Amino acid sequence: MVSHRPRVLSGIQPTSGSFHLGNYLGAVRQWVSLQDSHDAFYMVVDLHAITVEQEPATLRENTRTSVAQLLGVGLDPERCTLFVQSHVAEHAQLAWVMNCITGFGEASRMTQFKDKSAKQGADRTTVGLFTYPVLQVADILLYQADQVPVGEDQRQHVELTRDLAERFNHRYGQTFTVPNPYILKETAKIFDLQDPTAKMSKSASSPKGIVNLLDEAKVSAKKFKSAVTDTGTVVSFDEKEKPGVSNLLSIYSAISGRTVAELVEHFDGKMYGALKTELAEFFTEWVAPIQERTRTYLDDPAQLDAILAQGAEKARAVAEQTLTTTYDRIGFLPAKR
C-alpha cells in the first residue's frame, strides 16, 4: 500500500551510552508524535559518529543502546522505519555523488564544521568532519523526504540539501524531492544545569550539567538538586535574569505537561530548594518506564536484531531505487547480474 502521508527523515548519533534530556525534548519526543501523521524514517547515524575517533566495541554497544532507547521512548517499528545507517550501503554511495557536486566554498561555510574544527584543532579534524553535512544531504535525499524535523541549529544543513537537490535536478533531470525543514518551534530549550546560558550538549557540557535518561535515580536527583540558580529566592520565569531557575521550570513543564505559569503559581511562596526537590522526584517517576522498556529491549538481543533487520530491509527498498535512478541519470554503466 502506497503511503500518501508526507515523508520525514531524521537521525541521532550513538556517541554516548545514554541520550540526555535535551536530545529527548529537542528531537526524539517529536519523532514519536510524527509516526502517526507522517511516513517516518528514523536512523541511528553510526557513519556520522566516526567523524571523531571511536572505540569499536563501545560504538557497537552505544548503537544498540541508542536503538533500544528509541524503542523505549515510543518509536514503533510497525508505525515507522527504524534502522542503523551503516546497514544501508546506499548512504555512503550517494554521499560520494553529492560530494562531487558540492562546491568547496559552500562546504567550508557550514558553521557547525567551523565550530567543531576550531575546538578540535587542524591536526585532529578529519576530512569526514568536513564532508559530514554532505553525507547528511545524502541521508535525506536517499529517502525522498518531504520534511526534515530539525532544530534551528540544523537549518543550514537542510538548506544545503535543498541547494544540492535542485542542482542535481537541474543538471540531470528531476530525481530528488526538494525537502523542507520541519522546525520544531514549540520545543523547550534545555540548558546545561551548571551553565544555564549554554545548551545541554554532550560535547560542550560538563557531566554534572547533563541529565541522562539512563542515569540512576540518585544520580539525576543529585544533578537537579545541585543545579546552578542565582542569589534570589523567588521562583519566577525570567530567562535573562534567572536563567537557571527558568531552565528548571522549562524542564518541569516539558516533562509534566503543566505550563510554566502554572508551575510558578504552584511554587509561590516556596524557595528554590522546593523546585529542585520536586523536579528531581517527578523526573525519577517520569523516566522509570522509559528505562524499564529500554532494558527489556537490551535484554533481548535477538528481538533487537530482528527489528533492525526489518528496518534496514524497508529502508533499503527505498534507498536502492533512489540510488539506481541517480546512477542512471549521472551516466554510470549499469552492473549486469
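Colleague: Where is the place of Phe-191?

Modeller: Phe-191 is in the loop between β5 and α9. Helices (H or I, at least four residues) and strands (E, at least two) are DSSP runs, numbered from the N terminus. Residues are numbered from 1 along each chain as its sequence is written, and side-chain values use heavy atoms, with hydrogens and water left out. This is a predicted model, where local features need pLDDT of at least 70 and side-chain atom pairs count only at pLDDT 80 or more, while totals for chains, interfaces and linings use all residues.

Colleague: Which residues does Phe-191 touch, not counting residues up to four places away in sequence?

Modeller: Phe-191 touches Pro-196, Thr-197, Ala-198, Lys-199, Met-200 and Asn-247. Contact means heavy atoms within 4.5 Å. Phe-191 also lies 9.6 Å from Leu-21, C-alpha to C-alpha, although the two are 170 residues apart in sequence.

Colleague: Why does Ser-201 count as buried?

Modeller: Buried means under 20% relative accessible area, exposed over 50%, and partly exposed in between (1.4 Å probe, protein chains only). Ser-201 has 17% relative accessibility, so Ser-201 counts as buried. Ser-201 lies in the loop between β5 (180-183) and α9 (217-225). Leaving aside neighbours within four places in sequence, Ser-201 is in contact with His-20 and Ile-210.

Colleague: What makes Arg-79 and Asp-36 a salt bridge?

Modeller: The term asks for a side-chain nitrogen of Lys or Arg within 4 Å of a carboxyl oxygen of Asp or Glu. The side chains of Arg-79 and Asp-36 meet at 2.9 Å, N to O, and so form a salt bridge. Arg-79 lies in the loop between α3 (56-72) and β3, and Asp-36 in the loop between α1 (21-34) and β2, so the pair ties together parts that are 43 residues apart in sequence.

Colleague: What joins Asp-36, Asp-76 and Arg-79 into one network?

Modeller: Salt bridges that share partners do that. Arg-79 also meets Asp-76 in a salt bridge, at 3.9 Å, N to O. Asp-76 is partly exposed, with a relative accessible area of 24%.

Colleague: Where are Glu-106 and Arg-167, and what links them?

Modeller: Their side chains meet in a salt bridge (2.6 Å, N to O). The pair links distant parts of the chain, with Glu-106 in helix α5 (residues 104-108) and Arg-167 in helix α8 (residues 155-172), 61 residues apart. Glu-106 is buried, with a relative accessible area of 12%, whereas Arg-167 is partly exposed at 24% relative accessibility. A search of the whole structure finds eight salt bridges.

Colleague: Why is strand β3 called mostly covered?

Modeller: Five of the five residues in β3 (residues 80-84) are buried. In a regular strand the side chains alternate between the two faces of the sheet. Here, Cys-80, Leu-82 and Val-84 on one side are buried, and so are Thr-81 and Phe-83 on the other.

Colleague: How do you know that β2 and β3 pair?

Modeller: Two strands pair if DSSP finds at least two bridges between them. Strand β2 (residues 39-44) and β3 have five bridges, in the parallel sense, so they pair. Phe-83 in β3 is the bridge partner of Met-43.

Colleague: What makes a nonpolar core?

Modeller: The name covers a set of buried Ala, Val, Leu, Ile, Met, Phe, Trp, Tyr and Cys residues joined through side-chain atoms within 4.5 Å. The largest one has 53 residues, of which Leu-21, Tyr-42, Leu-70, Phe-224 and Trp-286 touch the most other members. Helix α12 (residues 272-298) gives this core its largest share, nine residues. A second, separate core of 39 residues includes Phe-41, Leu-129, Val-150 and Ile-183.

Colleague: What span is expected for helix α13, and what does α13 reach?

Modeller: The expected span of a helix is 1.5 Å times one less than its number of residues. Helix α13 (residues 301-330) has 30 residues and reaches 41 Å from its first C-alpha to its last, close to the expected 44 Å. There is also a kink of about 25 degrees in α13, centred on Arg-316; the bend at a residue is the angle between axes fitted to the seven residues ending there and the seven starting there.
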